[in-house]
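Let's take a quick tour of a protein chain and see which side chains pair up. Have a look at the sequence and the 3D view first.

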Amino acid sequence: MNDPAPSQPPPAIRLTRWLIGVAVALPVVLVALLFLLPRGGPPAVHASDVSHFPPAELRLERRPLGAEPGFRPQITAVAVADLDGDGRPDVLASDGRLNQVFLYRRAEDGSWSETPLGDEVNVPAGLSVADLDGDGDRDVAVAVLGKVTPSDEPIGRVVWLENQGDRWVNHVVLDDVRRVSDVQAGDLDGDGDVDLAVAVFGYHHGEVLWLENRGGGKFRDHLLFTTQGPSHVPLGDYDGDGDLDIAVLVSQDHEEVWAFENRGKGDFTPRRLHRFTNFDLGSASLIAADMDKDGKLDLVLSAGDNLEVNHHYPQPWHGVYLLSNAGGWRFDARRLAAVGGVYGAAVADFDGDGDNDVVAACMFNDWRTGGAASLVLLDNDGRMNFTPRMLADWPTHLGVVAAGDLDGDGRPDVVAGSLHIYVPRSRAGRLTLWLSRKGGAP
């Protein structure tokens, strides 16, 4: 025997209940759509369009640099600089897994040596080379994150690695701050010594500081800006008045680029250069370069950070962006190319045709499929149109990249570091060189 059907309320009551249900559900649906749909940014493209590219014509020789990858390598910064003044560029790397800054020098026979600089530091990050104590040799300023994962703990530092000839000595010049992601050196107050600009990324709280060099290894900190997520502070004379200004990349849902105009004697005026409307953009790095060779410094921004979401795959708005310096503190933003998961970039004339190209390092890409690019050349046609070409698909998870003539043949080479937040599945690397060889593009 069937159960009796339940009695139904009158039609008017059923309609009222339905309307109430719609009124309750509609805001939830709208909020969900706001989070699911991309907010602003360039037109959508398929994920494969930002992951796979035709091969570049450059002939590059790939080789590992330094220690073996080990477990979950975390190279958090690389820099190319002639640290010992012998005329041959060296490579500096911050290793967040080994808690050490390493120096790599090339010998006459082409081999490379690996030397730890100073004592261990707790997850070193951004690096800057300068004579901080005025004794005629080059020291290294180190941004100390304290940990790679998000935190507002006061675990950040700035460490000065003093070059004492036969050894390197650690000095803490800023302490008791949140995670420090970048430090850059230059004379910011015009008094003839080297000061420091500092990005305190933090997590929910951060700030931008400049450290005034008071001599004798002492620095006085000055607050410029309070906000979450400052990640990079490239220095340059952006307004052409002869002194160093500070550019700042601010991520963490802000997705803004700021500048602090140097007015002299330690006085800085803040200027917001650009704000992206897509708060999911994932800005990851910022470098200064005169891309169009017009005598004005531009800014190149990499956007491909997916650490704040659960799906670490390329997004249609990822890519390399140019903030072109039009003068008068106006910077015009456009995307040079769509590249999935791009985290770092380096600028040089890689193909020898007289214009500036870009090499982009991909930390997040569709590593599940073969041929997803980890290193991409943005080839400049001479008219500031850029075509992405694949240079490598392994090692994967390349978080940082730098360029310079590392083998003395007159052509720019590339060094990149892998930053594995999670356990790598395959194609893991630590530090990798790509040396330019004859026989590629003219």
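A search of the whole structure turns up 7 aromatic pairs, where rings of Phe, Tyr and Trp (its six-membered ring) pair if their centres lie within 6.5 Å. One of them is F276 with Y321: the ring centres are 5.3 Å apart and the planes sit at 75 degrees, so this pair is edge-to-face. For ring planes, under 30 degrees apart counts as stacked, over 60 as edge-to-face and the rest as tilted. Keep in mind that this is a predicted model: local features need pLDDT of at least 70, side-chain atom pairs count only at pLDDT 80 or more, and totals for chains, interfaces and linings use all residues. Residues are numbered from 1 along each chain as its sequence is written, and side-chain values use heavy atoms, with hydrogens and water left out.

**The chain as a whole**

- The chain has 1 helix and 29 strands; helices (H or I, at least four residues) and strands (E, at least two) are DSSP runs, numbered from the N terminus.
- Out of 442 residues in the chain, 50% count as buried; buried means under 20% relative accessible area, exposed means over 50%, and partly exposed is in between (1.4 Å probe, protein chains only).

**Rings and charges**

- F225, W258 and F260 form a cluster linked by ring pairs.
- R62 has its charged end over the ring of W394, 3.9 Å from the ring's centre; a charge sits over a ring if NZ of Lys or CZ of Arg is within 6 Å of the ring centre and within 35 degrees of the ring normal.
- The charged end of R430 likewise sits over a ring, that of F102, at 5.3 Å from its centre.

**Salt bridges**

- Side chains of opposite charge can pair when their charged atoms come close.
- How many salt bridges does a search of the whole structure find? The count is 20, using the rule that a side-chain nitrogen of Lys or Arg lies within 4 Å of a carboxyl oxygen of Asp or Glu.
- E153 and K147 form one of them (3.0 Å, N to O); E153 is partly exposed at 38% relative accessibility, and K147 is partly exposed at 29%.
- K296 and D294 also meet in a salt bridge (2.9 Å, N to O); K296 is partly exposed, with a relative accessible area of 29%, and D294 is partly exposed, with 36%.
- Then there's R437 with D407 (2.7 Å, N to O).
- Is D407 buried or exposed? D407 is buried, with a relative accessible area of 18%, whereas R437 counts as partly exposed at 22%.
- R437 and D407 also belong to a network of salt bridges that links them with E61 and R63.

**Strand pairs**

- Strands β4 (residues 100-106) and β5 (residues 112-117) run antiparallel and are joined by 6 bridges; two strands pair if DSSP finds at least two bridges between them.
- R105 has S113 in β5 as its bridge partner.
- The hairpin of β4 and β5 has 5 residues between the strands, and G110 there takes a positive phi near 90 degrees.
- Strand β10 (residues 180-186) is mostly covered, with 5 of its 7 residues buried.
- β10 runs antiparallel to strand β11 (residues 195-200), and 6 bridges join the two; for Q184, the bridge partner in β11 is A197.

**A loop residue**

- L307 lies in the loop between β20 (298-303) and β21, and counts as partly exposed at 32% relative accessibility.
- L307 and G282 are 25 residues apart in sequence and 8.5 Å apart in space, C-alpha to C-alpha.
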